[in-house]
Structure formats: structure tokens, C-alpha cells
There are 2 protein chains.
Amino acid sequence: MRQNPERRTALLDAAIEVLADQGARGLTFRAVDQRAAVPTGTASNYFPNRDALLTQAGRRVFERLDPGPEVIGETFALPRTRASVDRLMHEMVGRITAFPSGHLAMLELRLESTRRPELRAVLTEQIKTNLQENIDFHLDTGMPGDADTVVHLYLSLNWLIIERLTLPDLFDEARTDALITSLVDQLVPPR
Amino acid sequence: MRQNPERRTALLDAAIEVLADQGARGLTFRAVDQRAAVPTGTASNYFPNRDALLTQAGRRVFERLDPGPEVIGETFALPRTRASVDRLMHEMVGRITAFPSGHLAMLELRLESTRRPELRAVLTEQIKTNLQENIDFHLDTGMPGDADTVVHLYLSLNWLIIERLTLPDLFDEARTDALITSLVDQLVPPR
């Protein structure tokens, strides 16, 4: 397998776009090569099989959604209040919505995993880890609310983002903002 | 267009299974004919085009998920308490999870609608109507919580069902039950 890291990353980014556009069924090595504008046969030199490509594309989505050290540093400096959680949740929904192909690609991977047990195992592990990191971060920062609060926010906001990305006229932007705030108001203790 | 209602319903039920199994891309008239075990050409006699088939399949999912007059009558007889809402939410998650192809088919329709504006308009209308019916029903029964409470329950439980259907090892059945109860506890006033 080839190892040029920039090339590998470009292929994974192309795979995310193909997944979001064409669905998992459209994800072939050839489609990835075309999307990445590289010679046919390139992707198959980087990934031993389609499952490896799918699971690495999933990992790449999380990598691209990582808020980065700056946001994390800022979070620790915020007061431990419900208002701060509200701000963080708006920031998170904005970050995920700004990368629509990432969220749609993950959804396509989930649907594909109902047909592929090995993909399901890897995806379960990725999502479990990501959720646990979110819980740990919330508790480490000392923000109000417990582990279940984080899970409930995760569940609601994931579906709210799906609404925004697939049926944007159901809740417009103002309504989406208001729903995030009222959700946080109901789920998170004041401080 | 042919009008035999039983035949039309059988074709829509077959379309739901094809959507859940093969994704929207797999949904052809031929695939529906095969799944319904009817002669090739039947589905195209019942639906003028693929969009009509897709939107009617969406409507059929809601029809099959309707709890029916018995559950609705029972609900009006329940005390107006958080415990009753908890019971109703468990019942609803159980009902939707027991028809996995319905929920997966709706998700495939949403993803397809990102590529087809006409499908998106109809689907938005269907889902808006269904959500409003849920809100009206909640308020009519006098259960605790307001319209936003119903929207938050809708958002969270939709994603929880996606987890159960696509990555069932993320939250097992006991954890799913506990999450529904803790969600209701946090979102719904006691009475």
C-alpha cells in the first residue's frame, strides 16, 4: 500500500464527497479516483479493500470535525454555566452543518453498515469513542449537567442537523437556533 | 393508472422494503415488481413516475406507523403525568423500531431528497404535518409539556431509533429504555 499522507487524505476527502453525493453504493475506487482527479488505480494502491476505505473515511470525518486546540482552550476559560453550554452547542451545530458532506457521509456509512457487519463493528467503536470523548470533555470542563445530559444533547442535535441538511424548510435557521436554546434550557441545570 | 387498492398497497409496501434494503438508488419499478412478486410492468401501471412512487411510499410509512384508534383512546384515559408520557414514548419507540424498514426507508427518502427538490417539498410537508399532529395530540390529551417539549422528544427519539437500527451495539436495549426515561424526566414537567 502507498503511504503518501497528503495523497491518502485527499483520497479520503474525495470518498466523503462521493458518499454524500452518490450514497455508499456509489462508492467505488474508480469514483474516488475521479473525484480526487487522480489516475485510475490510485485509490486501490492506498486501500486494501472497500471496507478499509469506508472506515477510514468515517475516521476522517471525525478528524475534520475536531474543534481544534483553540476552541478547546477557549472552552476551559468559559464560566461553568448553562449559557456557556448553549454557546458551545450553537458552535458545534454550526461546525457540523458547515461540513454537510461529512454528516451525510456518516449517515450513508450507518445505512451501509446495516448490510455489512464488519463495517458496523468499526463504526460502532468510532462513534462510541467519539461520544465518550464528548462526555469526558463536558465533565472535565466542569460544565453543568451529567453524562446523560451529554447523550441527550448528542441525540437531539444529531437529528436537528439531519433536518437542516435534508429538509431545510422544516425548521428555518431562526427556529433551529431557538430549538437549540430551548433544548439546553430544559436539559442543562443553570450552573 | 390502475386503481386496485390492495395491489397499490402491496406495491408501496414492496417499495419500502426495496428502499430499506437497496437505498433510493435501488428503487426502480422493476425492483418493486420483483419484491412484490408481480409481473414486470405492474408498478409502472400504478405510478406515473418514480417521484410519485417515492412520495406515496413515504405516506404509506406514516400510515403503517399510525397507532390506531385503540392506542389513542387508551391515551386519553391515562393520568396527565410525566409517567404517562414515559409510557407513551416507550410505546412509540417500540412501535417504530418494530418496523425497521419503515424508518430506514424514510431516511433513504430524506437523503434522496437532497438531490431532488420536488421530493423534498412533498417530504417536508409530510413530516411537518406529522409533527404538528403529534404536537396537537399531546396538547389535546392535556399531557404535561408544551409544543417545544414534543419537538425535543421527536428529535432525540428519532436519533435514538437510528442508533438502535443501524448500530445496535452502541446502546443496548436496557440502556435505550433508561435513556428514554431519563430524557422524559429531564424534558417533561411532573404533571
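The legends below describe close-up views of a predicted model with chains A and B. In this predicted model, local features need pLDDT of at least 70 and side-chain atom pairs count only at pLDDT 80 or more, while totals for chains, interfaces and linings use all residues. Residues are numbered from 1 along each chain as its sequence is written, chains are lettered from A in the order in which they are written, and side-chain values use heavy atoms, with hydrogens and water left out.

**View 1. Chains A and B about their rotation axis.** Chain A is superposed on chain B by a rotation of 180° with 0.0 Å of shift along the axis, at an RMSD of 0.0 Å (least squares on the C-alpha atoms of residues with pLDDT of at least 70 in both copies). The two copies are therefore related as by a two-fold rotation axis. In chain A, the C-alpha nearest this axis belongs to A:Ser156, at 2.0 Å from it.

**View 2. B:Asp13 and its salt bridges to B:Arg60 and B:Arg64.** A salt bridge is a side-chain nitrogen of Lys or Arg within 4 Å of a carboxyl oxygen of Asp or Glu, and B:Asp13 meets B:Arg60 in one at 2.7 Å, N to O. This pair links distant parts of the chain, with B:Arg60 in helix H4 (residues 50-65) and B:Asp13 in helix H1 (residues 5-22) of chain B, 47 residues apart (helices are DSSP runs, H or I, of at least four residues, numbered from the N terminus). B:Asp13 also forms a salt bridge with B:Arg64, the closest N and O atoms being 3.1 Å apart, and these two residues are 51 residues apart. B:Asp13 is buried at 18% relative accessible area and B:Arg60 is buried at 14%, whereas B:Arg64 is partly exposed at 34% (buried means under 20%, exposed over 50%, and partly exposed in between, with a 1.4 Å probe and protein chains only).

**View 3. A salt-bridge network with residues of chains A and B.** A:Arg50, A:Asp51, A:Glu112, A:Arg115, A:Arg116 and B:Glu108 are linked in a network of salt bridges. Within it, A:Glu112 pairs with A:Arg115, with 3.1 Å between the closest N and O atoms; A:Glu112 is buried, at 6% relative accessibility, and A:Arg115 is partly exposed, at 28%. Over all chains, the structure holds 26 salt bridges.
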